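Student: Please take a close look at the ligand site of this predicted model. Which residues are around the ligand, and what can be said about the space it takes?

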Amino acid sequence: MTAGERTSRTGDTGRTGRTAGLRITADRERCVGSGMCVLNEDSVFDQSEEDGRVVLLTDTPGPEVEATVRYAIQWCPARALSLTED
Ligand code: SF4
């Protein structure tokens, strides 16, 4: 099974398994493609090769990357990223 085939505990299929109650939302309309989020956590954030805007590799990051995800969200210059907790 690849990372992309794992199923979350809520039943939806994500690109990685859901191991924490965190959910990221990315507003691609606000994103300015700075890439800061990718520099901070490239297992969660990527950039589109077409427009340079953020692409989430998973919207339910595990606890092992929580600190770097929070840092990336805090320092997004466009305030395009947000985090909610279940
Ligand atoms: S840090 Fe913010 S503006 Fe920069 S690529 Fe990521 S989401 Fe877009």
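Tutor: Around the ligand, the predicted model places Cys31, Val32, Gly33, Ser34, Gly35, Met36 and Cys37, together with Val54, Cys76, Pro77, Ala78 and Leu81. By class, this shell has 9 nonpolar and 3 polar residues, and no charged ones.

The ligand takes up the space of the largest cavity. The structure holds 2 cavities of 30 Å³ or more, and the largest has a volume of about 110 Å³. Its lining consists of 17 residues, of which Cys31, Ser34, Gly35, Cys37 and Cys76 are the closest to the centre. The lining divides into 10 nonpolar, 5 polar and 2 charged residues. Among the secondary-structure elements, α1 (36–40) and β2 (45–47) each contribute at least two residues to the lining.

Asp51 pairs with Arg28, with the closest N and O atoms 2.9 Å apart.

In the whole structure, the search finds 4 salt bridges. Glu66, Arg70 and Glu85 are linked in a network of them. The closest N and O atoms are 2.8 Å apart for Glu66 and Arg70, and 2.9 Å apart for Glu85 and Arg70.

Conventions. Residues are numbered from 1 along each chain as its sequence is written. This is a predicted model: local features need pLDDT of at least 70, side-chain atom pairs count only at pLDDT 80 or more; totals for chains, interfaces and linings use all residues. Side-chain values use heavy atoms; hydrogens and water are left out. A residue is near a molecule or strand if one of its heavy atoms lies within 4 Å of it. On a 1 Å grid over the protein atoms alone, a cavity is a set of points where a 1.4 Å probe fits but cannot get out, and a pocket is an open set with protein on both sides within 12 Å along at least five of seven lines; lining residues have an atom within 4 Å of a point. A molecule sits in a cavity or pocket if more than half of its atoms lie within 2 Å of its grid points. Ala, Val, Leu, Ile, Met, Phe, Trp, Tyr, Cys and Pro count as nonpolar, Asp, Glu, Lys and Arg as charged, and the others, Gly among them, as polar. Grid points are joined across faces, edges and corners, and a volume is the space filled by probe spheres set on the points. Helices (H or I, at least four residues) and strands (E, at least two) are DSSP runs, numbered from the N terminus. A salt bridge is a side-chain nitrogen of Lys or Arg within 4 Å of a carboxyl oxygen of Asp or Glu.
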